[in-house]
Amino acid sequence: MTEDNGRDVPIEDDAPLTEDAGEIDAAAETEEVDAATETDEVDATSQNRLRLPVIPLRGTVVFPAVAAPIAAGRDKTMKAIDAAIQGDKLLFAVAQLDAEVEEPVADALYRVGVICRIAQMQKVPGGVQMVIQGDARAAALEYAERDGYLEVVARRMEDMEPLDPEEPAFGALYKEVNERAAEVSRLRGVPKEIVDHLLGGVSTPGELSDLVSFYTELEVDQKQELLETLSVEQRLRSLLIHLQKQIGLLEAQEDIREQVQEELGDRQREVFLREQMKAIQKELGEDIDSQEIDDLRERIAALELPDEARQEVDREIRRLERIPRESAEGQVVRTYLETVADLPWSETTEEQLDIGKAEEALERDHYGLQDVKDRVLDFLAVRKLQEEARRRDEAAEAVVAAEAAVAAEAIAAAEAIVAAEAFAAAEAEAKDLASDDAASGESEADDDGEVEANADTSSGDAAIEVEVDEPEKEKVHVPGYEDDRSGQTLLFVGPPGVGKTSIARSIADAMGRKYVRVSLGGARDEADIRGHRRTYVGAMAGRILEGLKRAGTKNPVFLLDEIDKLGVSFQGDPSAALMEVLDPAQNDSFQDHYLGVGFDLSQVLFIATANVYHQIPGPLRDRMEAIEFRGYTEAEKLEIANKYLLPRQTRLNGLLPEQIELEEEAMRAIITSYTREAGVRNLEREIGSVCRKTARKIATGEAEVVKVGVDSLRELLGQPKVHPEKKMEKDAVGVATGMFYTPVGGDIMLVETSVMKGKEGLVLTGQLGDVMKESAQAALTYARSHAAELGLSEERVRDHEIHIHVPAGAIPKEGPSAGIAMSVAIISALGNHPVRHDVAMTGEITLSGRVLPIGGVKEKVLGACRAGIDRIILPKDNEGDLEDLPDHVCEQLQFHLVENLHEALAAALVGVELKDGNLSFSRNGRATSGDSEVESQKTSEPEVEPVSGEVLETSTP
């Protein structure tokens, strides 16, 4: 309950001073009205039925025997008030169902309200303010529109008193409501005098319930429910429940308020005590801030800082001494100084390079990648020799310095002896001169001057005679060492999962250095590398200095992972900032924006990784030495799986080695049919899935040992996920087998050619790139320009349209290596010569028929071998790439190294031979037009069958 102070009194229009309005149940309204009708013994036409103007109330409910202030401003409300003033000043005040409705109609109002009398009224800008006195409850029998305002036919509703007002239970209920109302008022801070005055003026239980209901903070629908309750006893019980809820809520608020006040008081007290402590410590010379600053000064003084950094740090320390501890600027300066103190300005890790142990570690931890291992070992060997040369230089400089010190001591001793002898000679000569002067009778003054002159002359002569030249310092110089720091930044390029990161960690272990890894994937802000300037809020050093701080040394192995995935945004280009980091000519004074002074990165061994080489900006690539990771062959994957992946997944899934038996053929099937990648990440996931299925069977008691074969893979891993291309089953006209390379390995593709009658032209399908389109056009041009040499008729070449299709789903195809395959397919289709089904080819051609070298030979050959190909056609210039192939692959294949297209045709087409530089077409090798099947041509085989792995060279004499 609150006093009538303009805050908790009802307002009709724009500023409700009590709780919001709600709805009542229509059936309850009907029952209450019916009950009132049944108890009403006055005739319907009696004085209890009145016709009154209506005042809609928004967000409040008035009660009988309560004076409520009202502010009104709506047109309908003003007209209703004018009608009441002109009459007997009676109004029907009723709450709106929705307080947001501006122009309420009959359906928007409750059916029970209060008959009120206007006690006071005052006009104000925008409307009127008045006080209305509640008279009695009334039920609205009918609402009607009249002269611009609502009018109601209302009937008074009398309270239903208890059967026995003197009953002790009712008396106790009345007293409890009175006391709880007083308690609510006390908790809300209403003065006790006002509460006693309001409650003391109540004479009946009904009046008490109405008064307390009006001043209690309830929702509009709750107050409306109390207004519609005619039973006084029931109204008191409902009101008591609301009062108890209010008391609980107010007590909880009071507890929270007290806790907050206590916390605020404790904080204020703590601040006060801290200030007192600071004053006391200052008087005793034990100031905390001074102690922290002294600690920082001592830590920084112990660092071997460059002169520039020392000046900057000293300036910041002087600033910190003048800044209050609580200021934000002081925290920024303190954080900066702590960062400077944490950086490894002079701490280094001594290298312990043992090439033999490094090689053993690489072989133990990494299978395959022999080229990469050799390059890493070469790099480590160079580092070892450089370190030995540096130590020799330091030793030589120390010897020279020692010899120079000994020579300086000898010179100093000789000079001392000469000076002593000169002094003794001068003294003796002075005595002789004094004796001669005394005998000759000369003046004392002249004698003194002459003695001094003679002594000076003698001393000067003696000094000149004993002068010893200082030996010239010998300079030891190792050519190419002092400034030659090129090659220190390695770039590992290769597809995911091939071991780039693990090789970098192995290098750090082999060198005995700390290892730091920073992922640059998605970095789009230059501040990621150079840091933020200290003028920004939340500024911090860049990733390079943060990595060095974590390492605690200035010469770690620093891995820059995913350097090809750097982004560019309006914040700058991180790759441009990395150029200073990786440039040996300028990274000895790397400028981080946050640090503000140069930091030496020349002793850091940076290693970068990337998936795609050409996505790295050119100037950044120029500062690194690329080492290519080509991926693993199937045989290497099999060894890696058996040696590393299966034991690791067995251990991770809680299995014992003897509880799972994975057959070698099953492992091969997983590699070929369930994974397609250059690395082994997906392979390890599939092996892990097999181990989990096995663990489930063992855990449920279904089996003690699980043997996994090829037949059980479908149950464990589902349908095969990879369907590699296979070689054709028989020779065919117009279908040649090409080879291509992707980041996940090599494979074969079929180049199909059809010849149709029609206008001369070329149709290309299969999502071919520009380079392959040009290869197809060059192949067709060669076939038409050399038709006679190729045994092609003019009519078939000129009056037919050629369609070339490379089927491989929706995979885009690009690369300069399909020239031979397209030429063979076109010439086969035009000349009706079958193409060998067991031959795959790769290489580019020119318009004159020369075959040009290509890249990715290892991956392409491995893909062809996996597809079942027996013979490979390669450019002659790629002969050196065959050394990279595993021995077991070379043993399975026959290689044809060609220099021109004629040699390729002789090796690829059935019934075609190369004799004296010219092509010879066997009659048996031709397929007649319309044949549905091509006979196997045995006579076209060479007279001498080549052995496995033999390289066949078909050169033109």
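**Salt bridges in a predicted model**

I start with R237 and E233, whose side chains meet in a salt bridge at 3.1 Å, N to O. By salt bridge I mean a side-chain nitrogen of Lys or Arg within 4 Å of a carboxyl oxygen of Asp or Glu. Both residues sit in helix α7 (residues 232–284), four residues apart, about one turn of the helix. Helices (H or I, at least four residues) and strands (E, at least two) are DSSP runs, numbered from the N terminus. R237 is partly exposed at 40% relative accessible area, and E233 is partly exposed at 27%. On that scale buried is under 20%, exposed is over 50%, and partly exposed is in between, with a 1.4 Å probe and protein chains only.

A word on the source. This is a predicted model, where local features need pLDDT of at least 70, side-chain atom pairs count only at pLDDT 80 or more, and totals for chains, interfaces and linings use all residues. Residues are numbered from 1 along each chain as its sequence is written, and side-chain values use heavy atoms, with hydrogens and water left out.

Searching the whole structure gives 42 salt bridges. One of them pairs K76 with E145 at 3.5 Å, N to O. K76 is in helix α2 (residues 75–86) and E145 in strand β5 (residues 127–146), so this pair ties together parts 69 residues apart in sequence. K76 is partly exposed, at 23%.

Next, E625 and R375 form a salt bridge, with the closest N and O atoms 2.5 Å apart. This pair links distant parts of the chain, strand β13 (residues 625–628) for E625 and helix α12 (residues 370–440) for R375, 250 residues apart. E625 is partly exposed at 30%, as is R375 at 21%.

Last, a network: E312, R315, E316, R319, E329 and R534 are joined through salt bridges that share partners.
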